[in-house]
Amino acid sequence: GVEINPDLKIKSLKLRVSPDTEEFFNHKFWNNLDGVCNALDNLKARKYVDSKCVLYNKHLFESGTLGT
């Protein structure tokens with residue numbers, strides 16, 4: 001097999017990222033990320049995640065709503 005990066009840790013979450021879930025997606029959550037990869041299905045969610053990435057200075061790879 002091919003090993004991509006043994007240090008890469010990916011955790012998928014089913015909880016909606018929104019102002020209603022900021023008790024979970026709080027400062028500690030965003031500050032612990034190295035980057036964000038998402039494929040959201042609506043512009044409102046995409047803009048919300050984008051705003052958090054800008055606020056916390058995180059790289060965002062988005063390939064859902066508006067394409068890559």
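Helices (H or I, at least four residues) and strands (E, at least two) are DSSP runs, numbered from the N terminus. The model is predicted: local features need pLDDT of at least 70, side-chain atom pairs count only at pLDDT 80 or more, and totals for chains, interfaces and linings use all residues. Residues are numbered from 1 along each chain as its sequence is written, and side-chain values use heavy atoms, with hydrogens and water left out.

**Exercise 1. Describe the fold and the overall dimensions of the chain.**

Step 1: count the elements. The chain has two helices and two strands.
Step 2: Along the sequence they run α-β-α-β.
Step 3: box the C-alpha atoms along the principal axes. The box is roughly 40 × 30 × 25 Å.

**Exercise 2. Work out burial, contacts and surface for the chain.**

Step 1: apply the burial classes. Buried means under 20% relative accessible area, exposed over 50%, and partly exposed in between (1.4 Å probe, protein chains only). Of the 68 residues, 22% are buried.
Step 2: take contacts (heavy atoms within 4.5 Å). Among those between residues at least 6 apart in sequence, 41% join residues at least 24 apart.
Step 3: take the accessible area (Shrake-Rupley method, 1.4 Å probe; for residues, only the protein chains shown count as cover). The chain exposes about 5800 Å², and carbon and sulfur atoms supply 53% of it.

**Exercise 3. Which residues make the nonpolar surface patch of about 250 Å²?**

Step 1: set the rule. Patch residues have over 30% relative accessible area and no salt bridge; like charges are joined within 9 Å, nonpolar side chains (Val, Leu, Ile, Met, Phe, Trp, Tyr) within 5 Å. A salt bridge is a side-chain nitrogen of Lys or Arg within 4 Å of a carboxyl oxygen of Asp or Glu.
Step 2: name the members. They are Leu13, Leu15 and Phe24.
Step 3: examine one member. Leu13 lies in the segment before α1 (27–31). Leu13 counts as partly exposed because its relative accessibility is 36%.
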